[in-house]
Amino acid sequence: MEWRSCYLDMILVPLSFLTIIFYHCWLWHKVKTQPLSTIFGTNASGRRFWVSDMIKDNEKKNIVAVQTLRNTIMGSTLMATTSILLSAGLAAVISSTYSVKKPLNDSIFGAHGELMVSLKYVTILCIFLFSFFCHSSSIRFLNQVGILITSPPHPSSSVTPHYVWELLEKGFLLNTVGNRLFYSALPLMLWIFGPLLAFLCSLTMVPVLYNLDFVFGFNKQLALGKDFQHNGCRDCESV
């Protein structure tokens, strides 16, 4: 009887995790091999030029740099606050004997015993805590960038535009990881009401994230660029 009540959770929930993990592994491979085909690679390339331009015209654009970083820090602060508040609420639910710990047994599929319900809440709690850690670490790096990008250049200083760009990329990487952990908590929240909802939510998230993460028309733009270079070289030879 225990197996019959748990087999859906043991099959569908790991499949939900693996679906999201495989997608992000494939996304990471694309970022490394074809960075300009993804939003992350394109934005990273733009941020490299942005940092160099801000440091070059520091006296004129330091306010723009600080305001831009402040907006990013405000977004990370909001997500970190939301994550820690949800973690505190889940911790209160786990440590209490309130009836919310016991979902409607007749309205869900899968296991709904005390152990399984506790496992669900603890898993969601860990996801939100890791999300809070990533966002708080992102704020730390972005604050460092805000100081270094506005500091006047000095010949003996070891702060270079490349070093500032690396700090900025670490901050944005941690921000992205924190957001993805926060998104992955949505199927886990639905897991409270059954593993089938968690699995369907994971399958729905993958095409949504795909449309958000990739730059469409990249191959077409690349082909147009090659044709332009080829035609330009041919015209130069004819001249």
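Q: Let's start with rings: how many aromatic pairs does a search of the whole structure find?
A: Rings of Phe, Tyr and Trp (its six-membered ring) pair if their centres lie within 6.5 Å; planes under 30 degrees apart count as stacked, over 60 as edge-to-face and the rest as tilted. Here the search turns up five such pairs. In one, the ring centres of Trp-26 and Tyr-210 are 6.1 Å apart and the planes are at 20°, so this pair is stacked. Trp-26 sits in helix H1 (residues 2-33) and Tyr-210 in helix H6 (residues 195-213), 184 residues apart. Helices are DSSP runs of H or I, at least four residues, numbered from the N terminus.

Q: What should I know about the model itself?
A: It's a predicted model, where local features need pLDDT of at least 70, side-chain atom pairs count only at pLDDT 80 or more, and totals for chains, interfaces and linings use all residues. Residues are numbered from 1 along each chain as its sequence is written, and side-chain values use heavy atoms, leaving out hydrogens and water.

Q: Which residues does the UniProt annotation "transmembrane region" cover?
A: UniProt positions follow the numbering used here, feature names are shortened, and annotations may be inferred rather than shown by experiment. The unreviewed entry lists residues 7-29, 78-100, 121-142 and 188-210. In the model, residues 7-29 are 100% helix, with end C-alpha atoms 33 Å apart. Residues 121-142 are also 100% helix, and their end C-alpha atoms lie 32 Å apart.

Q: At what angle do H2 and H3 pack?
A: Axes are lines fitted to C-alpha atoms, for helices over the stretch in contact, and angles run from 0 to 180 degrees between N-to-C directions. Helix H2 (residues 39-56) and H3 pack at about 135°, with axes 7 Å apart.

Q: How do H4 and H5 cross?
A: The axes of helix H4 (residues 114-148) and H5 come within 8 Å and cross at roughly 160°. The two are therefore roughly antiparallel.

Q: And at what angle do H3 and H5 pack?
A: Helix H3 (residues 58-95) and helix H5 (residues 161-191) pack at about 35°, their axes 11 Å apart. Met-79 of H3 and Phe-172 of H5 are among the residues making this contact.

Note on methods
Contact means heavy atoms within 4.5 Å. Angles under 35 degrees count as roughly parallel, over 145 as roughly antiparallel, 65 to 115 as roughly perpendicular and the rest as oblique.
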